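Work through the exercises below with the sequence and the coordinates at hand. Each task is followed by a worked solution.

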Amino acid sequence: MEMPTKGRAWDTVKTDLINRGGNDAKWRDGKTAVYVFNAGEDIAAVQKEAYTAYMSENGLGPAAFPSLAQMEKDVIAMALGLLHGPEGATGAMTSGGTDSITMAIKAARDHARAEGRAQEKANVVLPQSAHLAFDKACHLMDIEVRRIPLRDDGSYEADVPAMEAACDADTIMMVGSAPNFPHGIIDPIAELGEAAERKGAWLHVDACVGGYFAPFARMNGVPVPPFDFAVPAVQSMSADLHKYGYAAKGASTVLFRSEARYQHMPFDFSCWSGAPMTTPTLAGTRPGGAIAAAWAVMNYLGVDGYRRLQGEVCATRERVEEGVKALGFEILGNPLLGLIAFAHPDHHALALYGEIYRRGWFTSVTIEPPSLHLMLSPKHSEFIDAYLEDLADSVKAVAAGDDAKAAEKVEARYS
Ligand SMILES: *Cc1c(COP(=O)(O)O)cnc(C)c1O
């Protein structure tokens with residue numbers, strides 16, 4: 001597209017804009033189980049109104065917008081209240097999980113350097129299931145990533161002794177996920193904490209997808225193991241509001257056990273022509289809308305609202321477990337929250353993925369081992385029976401056809 005010389009009237013631009021979504025994944029019809037968290041129209045309305053109310057304001061200027069500064073403080077206080085933040089714990093809002101993880105690694109590295117460690121080189125030790133955001137951040141900061149294979153007992157949990165053995169004097173961080181994305185499994189954070197203490201390592205818990213889910217699941221009686229600041233060695237956490245916090249996109253939190261750890265995150269600079277500036281996170285300009293929408297949704301839902309929604313998601317996951325087992329699938333590990341992956345002993349996951357995709361479902365796949373993957377939303381309670389019916393048809397289609405060919409086709413699309 002070339003920029004039009006003369007601007008067009010908004011109503012025609014708007015029509016064009018809306019029409020462009022015609023070929024997008026049908027998330028409003030519950031047909032996606034990745035990328036979008038659909039918690040219903042009332043929450044969408046709160047997001048939109050709150051976002052637009054502060055859309056022009058900028059979180060970069062806390063003095064100009066004390067409203068946003070206070071909302072961010074409130075959000076962090078609510079987060080720390082849910083995640084057992086001790087007295088003195090603190091944090092900041094960021095644009096997303098990748099941003100939160102990047103900033104936690106930066107703080108851990110600068111903390112290690114301040115202690116006289118990892119001066120020349122640094123490494124991060126994490127389980128193979130940890131999110132690729134760690135690799136992106138380490139690539140940016142020239143830090144080595146040591147990915148350690150998971151336990152081979154079918155639990156899909158981090159292998160803590162192997163991770164401990166991989167640590168050395170230059171290890172600035174050990175990582176556990178709560179839960180990981182590929183399998184939806186919570187790593188043994190308490191055991192990781194003991195290893196981190198023995199090694200003197202900074203333990204980060206990536207609760208991007210579980211930080212605003214697991215506390216409420218636990219309140220509902222789900223046996224969630226200790227995964228947050230209740231484990232004494234946990235120094236930092238990432239938890240995304242734009243996932244199961246049901247906030248508008250562009251909202252995550254990065255949390256620290258103490259001010260002493262947090263202080264390595266902000267960037268303070270005065271050696272340029274402009275005014276001195278301090279920024280807590282990677283961003284300069286910070287969208288006020290994302291802060292306001294997160295604050296508003298948290299206040300709109302409250303503990304009861306989140307408990308209800310996460311309870312619905314857990315119930316949907318249980319229906320999926322039952323339904324896919326009846327079709328011969330095996331569930332990977334023991335998922336407790338909203339993510340689930342499952343593999344069929346007779347049919348390749350990518351072949352099944354191709355069939356379910358052809359039936360209008362936009363879901364995800366896990367590669368190790370090849371399996372189908374769902375990240376469920378509250379809204380899926382209305383659509384899960386239709387999904388299971390289409391999955392049954394997909395299994396039949398794959399069983400009737402040539403598995404290998406179908407898998408090759410999907411693989412070609414992925415590469
Ligand atoms: C989504 C996710 C991330 C990355 O978050 P973004 O907001 O997509 O940058 C990191 N870790 C886990 C476990 C996630 O699910």
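**Exercise 1.** Does Ala292 count as buried or exposed, and why? Then place the residue in the fold.

Solution. The model is a predicted one. Step one is the accessibility: the relative value for Ala292 is 3%. Step two is the cut-off: buried means under 20% relative accessible area. Ala292 therefore counts as buried, at 3% relative accessibility. Step three is the location: Ala292 lies in helix H10, residues 288–326. Step four is the surroundings: leaving out residues up to four places away in sequence, Ala292 touches Ala50, Tyr54 and Met71. For a distance check, take Ala169, which is 123 residues from Ala292 along the chain; their C-alpha atoms are 42 Å apart.

**Exercise 2.** Describe the setting of Asn180 and find which backbone nitrogens its side chain reaches.

Solution. Start with the position: Asn180 sits in the loop between strand S4 (171–177) and helix H7 (189–199). Its relative accessibility is 1%, so Asn180 counts as buried. Next, follow the side chain of Asn180. It reaches the backbone nitrogen of His183 at 2.7 Å and the backbone nitrogen of Gly184 at 3.0 Å. Finally, list the contacts beyond four places in sequence: Asn180 touches Ser129, Tyr156, Ile185 and Leu339.

**Exercise 3.** Determine how S4 and S5 run relative to each other, and how the side chains of S5 are arranged.

Solution. S4 and S5 run parallel and are joined by four bridges. One of the pairs to locate is Ser177 with its bridge partner in S5, Asp206. Now go along strand S5, residues 203–206: Leu203 and Val205 point one way, His204 and Asp206 the other way. All of these residues are buried.

**Exercise 4.** Give the strand order of the open sheet that contains S10, and explain why two of its strands are edge strands.

Solution. The sheet has four strands in the order S10-S11-S13-S12, with antiparallel pairing. Strand S10 (330–331) and strand S12 (364–366) each have a single partner strand, so one side of each is left without a neighbour in the sheet. For the S12 end, S12 pairs with strand S13 (residues 371–375) in the antiparallel sense over three bridges. Within this pairing, the bridge partner of Ser364 in S13 is His373.

**Exercise 5.** Which residues make the nonpolar surface patch of about 430 Å²?

Solution. The patch is made by Phe267, Phe269, Trp272 and Met277. To place one of them, Trp272 is found in the loop between strand S8 (267–269) and strand S9 (277–279).

Definitions and conventions. Residues numbered from 1 in each chain as written. Predicted model: local features only at pLDDT ≥ 70, side-chain atom pairs only at ≥ 80, totals over all residues. Heavy atoms only, no water. Buried < 20%, exposed > 50% of the residue type's maximum accessible area, 1.4 Å probe, protein only. Polar contact = N/O pair within 3.5 Å; in protein donor to acceptor, adjacent residues only side chain to side chain. Contact = heavy atoms within 4.5 Å. Patch = residues over 30% accessible without salt bridge, like charges linked within 9 Å, V, L, I, M, F, W, Y side chains within 5 Å. Areas by Shrake-Rupley, 256 points an atom, 1.4 Å probe, with all protein chains shown as cover. Salt bridge = Lys/Arg side-chain N within 4 Å of Asp/Glu carboxyl O. Pairing = 2+ DSSP bridges.
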